[in-house]
Amino acid sequence: MKKIILSCLLLVMGTGLFAQFSRATLQASGLTCALCTKAINKSLEQLDFVSSVNADIKTSSFLIHFKPGAAVDIDALRNGVEDAGFSVAKLQLTGTFNAMAVAQDEHADYDGKTFHFLGVKKQVLNGEQVVTVVDKNFLPAKEFKKYSKTTSMSCVETGRMDNCCTKGGKANNSTRIYHLTL
Amino acid sequence: MTVLATLTAICYAQPKIGEQAPEIVLKGLNGKEYRLSDTRGKYVLVDFWASWCAPCRKSNRQLGPLYDLFHKKGFEIFGISLDEDINAWKKAIAADKINWVQTREDGGWNAPVAVAWNIEQLPTSFLLDRNGRVISIDPSAFEIEQVLRQGLK
């Protein structure tokens, strides 16, 4: 009996672990070489959901691994980079998806959060996929404009769910909503 | 608490100009152990770098001709890589044609040697005189050449 309970528990935990971002690729920009300073590394390593931060020369990015089961705070990644005196030029998250339907200018729930997809074709995400954060200050202003133009909803400007974005009244105005593209 | 912080600061302060460089014992590419103190009697550039650090790679290419010119006269470069990926390190050594002492330690920015020398950014380099005393921090290739032309006449 104990074994059965344990395997059930493991199964539940296993599926829980699946619907989660496992790692990120982050490009930082600034006046000096972002990979060459310990500051970004230090501030990202301090985050409790981060397990490791490594430099990747091929993409000039930080490869950030998340702790399994930990809640990934996307804003905290940006704050860490900004605290070190740099800005985020690109943030891509890798996660495993299980039949998640996405469409242009529509919401999708993942890892306990609601995401708003922009610049995507209607499709169903399965397996390991990479998504790119297109919120303000997660990419150059010019590129942000390109994505923000594709929606009339004001949440793209604030990053907060607004009346316009509530779906079935389930969200309140202050809920953080991240905008993603594929 | 303040005492502790001060102690840590003393232990992990970057060597300053005029100070004796702390000993470094690290393994090279071939597993051979290198000691910084074994270079005593020569001018030495202690050079912290990594394959993913673009300015470091540029510096490697500038150091090459200097090394070839002055090595036999009494100049050594003690390279220390913060690469975590050994293959990336090896590839960079080959690509940049590094023929001077090359060492590495696990841990990246948190490698004991990087912490002991308080390395906060790359590249960081220290030019030591024949007695192992720091005479310049982050010298340009031009500055190194001036010192070597003077000192290794």
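In which sense do strand β1 and strand β5 of chain B pair, and over how many bridges? They pair in the antiparallel sense, over 2 bridges; β1(B) covers residues 25–28. One of the pairs there is B:K27, whose bridge partner in β5(B) is B:R104. Before I go on, please keep in mind that this is a predicted model.

In chain B, 7 strands form an open sheet, and the order is β2-β1-β5-β4-β3-β6-β7. The pairing is mixed. At the edges are β2(B), residues 33–35, and β7(B), residues 134–137, each of which pairs on one side only. From one strand to the next, the twist averages 30 degrees.

As a reminder, strands of a sheet pair through backbone hydrogen bonds, either parallel or antiparallel. Both kinds can be found here. β4(B) and β5(B) run parallel and are joined by 4 bridges. Across that pair, B:F78 stands opposite B:V101 of β5(B). Further along, β3(B), residues 43–49, pairs with β6(B), residues 124–128, in the antiparallel sense over 5 bridges. There, B:V46 has B:F126 in β6(B) as its bridge partner.

α2(B) touches β3(B) and β4(B), the latter being residues 75–81, and the direction of α2(B) makes about 150 degrees with that of β4(B). α5(B) touches β3, β4, β6 and β7 of chain B, and its direction makes about 160 degrees with that of β3(B).

Next, how the two helices meet each other. Two packed helices are described by the angle between their axes and the distance between the axes. For α2(B), residues 54–74, and α5(B), residues 141–151, the axes come within 10 Å and cross at roughly 10 degrees. The two helices are therefore roughly parallel to each other. On the α2(B) side the contact has B:Q62, B:L63, B:L66 and B:F70; on the α5(B) side it has B:A141, B:I144, B:E145 and B:L148. By class, that makes 6 nonpolar, 1 polar and 1 charged residues.

On to chain A, and where it touches chain B. The contact takes 10 residues from chain A and 12 residues from chain B. On the chain A side, α2(A), residues 38–45, and β2(A), residues 50–56, each supply at least two residues. Which element gives the most to that side? β2(A) does, with 3 residues. The chain A side divides into 5 nonpolar, 3 polar and 2 charged residues.

α2(A) also has buried residues, namely A:I40, A:N41, A:S43 and A:L44. They pack against β1 (21–29), β2, β3 (61–66) and α3 (74–83) of chain A.

Last, a word on confidence. Chain A has a mean pLDDT of 85, and 84% of its residues reach 70 or more. Over residues 8–17 of chain A, however, pLDDT stays under 50, and for that stretch the model has 2 contacts beyond four places in sequence.

Definitions and conventions
Residues are numbered from 1 along each chain as its sequence is written. Chains are lettered from A and ligands numbered from 1 in the order in which they are written. This is a predicted model: local features need pLDDT of at least 70, side-chain atom pairs count only at pLDDT 80 or more; totals for chains, interfaces and linings use all residues. Two residues are in contact if their C-beta atoms, placed from the backbone, lie within 7 Å. Ala, Val, Leu, Ile, Met, Phe, Trp, Tyr, Cys and Pro count as nonpolar, Asp, Glu, Lys and Arg as charged, and the others, Gly among them, as polar. Axes are lines fitted to C-alpha atoms, for helices over the stretch in contact, and angles run from 0 to 180 degrees between N-to-C directions. Angles under 35 degrees count as roughly parallel, over 145 as roughly antiparallel, 65 to 115 as roughly perpendicular and the rest as oblique. pLDDT is the predictor's confidence in each residue, from 0 to 100. Two strands pair if DSSP finds at least two bridges between them. A residue is buried if 20 or more other C-beta atoms lie within 10 Å of its own, exposed if 12 or fewer, and partly exposed in between; C-beta atoms are placed from the backbone.
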